[in-house]
Amino acid sequence: MRFLPAENITYKTRLKPEEINKRLSDIVESKKAFSIFSSSSTKSYEGQINDQMFDIKRIIGYRNSFLPRIKGTILRDYDGITIKVKMRLHIFVIVFLCFWFGSAGFGFIVVLTQSFNLEFDVRTLIPFGMLLFVYGITMGGFKFESYKSKKELQKIFEAEIIEK
C-alpha cells in the first residue's frame with residue numbers, strides 16, 4: 001500500500017489494555033456533529049473509544065481533506081499487547097478521487113489515442129500532468145498527517161512499530 005493513501009501499522013506494547021484506553025481517553029474528545037468554527041479543544045484527537053477498538057482523527061486548525069481516519073484494535077498477545085492500526089481516507093474523499101481519476105484517466109486515454117494520428121503535441125500530456133498533480137497532493141496531504149499520528153500514537157502507547 002506504499003503508493004496508496006492507506007497505512008497498516010502494528011504497535012507492540014507492554015501496557016495493559018485499561019492503561020491504553022485511559023491514555024486514549026486523555027487525548028480523544030467525543031466526535032462533534034457539526035462545527036463551523038475552529039475547535040478550542042485541548043485534546044489532539046476526536047472520535048470514539050470502545051474497550052478494544054478506537055476510531056479517531058486528528059484535530060487540526062486548518063483544512064486537509066486527506067486527513068487519515070484512524071481505526072485501531074487492541075489485541076492481547078502472549079508477550080504483551082498488539083495494537084493494529086489502519087489509516088485511511090474518508091469514504092467521500094475516496095469516492096470523489098475515484099470519480100476524478102476515472103474521468104481524467106479517460107480524458108488522457110482519449111487525447112493519447114487521438115495524438116497517434118497527428119503530430120505529437122505537448123498539450124496531449126496535460127491530462128497526465130493533472131493526474132500526477134492530484135496524486136501528489138493526495139499522497140502529500142495524507143502522508144504528512146499520517147506521519148504525525150504514527151509518531152504520536154507510538155509515544156502514547158509506549159510502543160515499538162513492528163509492522164508497517
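I worked from a predicted model, in which local features need pLDDT of at least 70 and side-chain atom pairs count only at pLDDT 80 or more, while totals for chains, interfaces and linings use all residues. Residues are numbered from 1 along each chain as its sequence is written, and side-chain values use heavy atoms, with hydrogens and water left out.

**Entry 1: strand β4.** I took helices (H or I, at least four residues) and strands (E, at least two) as DSSP runs, numbered from the N terminus. In β4 (residues 53–58), I found Phe 54, Ile 56 and Arg 58 on the covered face; Met 53, Asp 55 and Lys 57 lie on the uncovered one. In a regular strand the side chains alternate between the two faces of the sheet.

**Entry 2: pairing.** I counted two strands as paired if DSSP finds at least two bridges between them. Strand β3 (residues 45–49) runs antiparallel to β4, joined by five bridges, and three residues separate the two in a hairpin. Tyr 45 has Arg 58 as its bridge partner in β4. I then checked strand β5 (residues 69–77), which pairs with β4 in the antiparallel sense over four bridges; there, Ile 56 is partnered by Ile 70.

**Entry 3: Ile 20.** Which residues does Ile 20 touch, not counting those up to four places away in sequence? Using contact as heavy atoms within 4.5 Å, I listed Thr 13, Leu 15, Ile 74, Ile 81, Ile 83 and Phe 157.

Notes. Buried means under 20% relative accessible area, exposed over 50%, partly exposed in between (1.4 Å probe, protein chains only).
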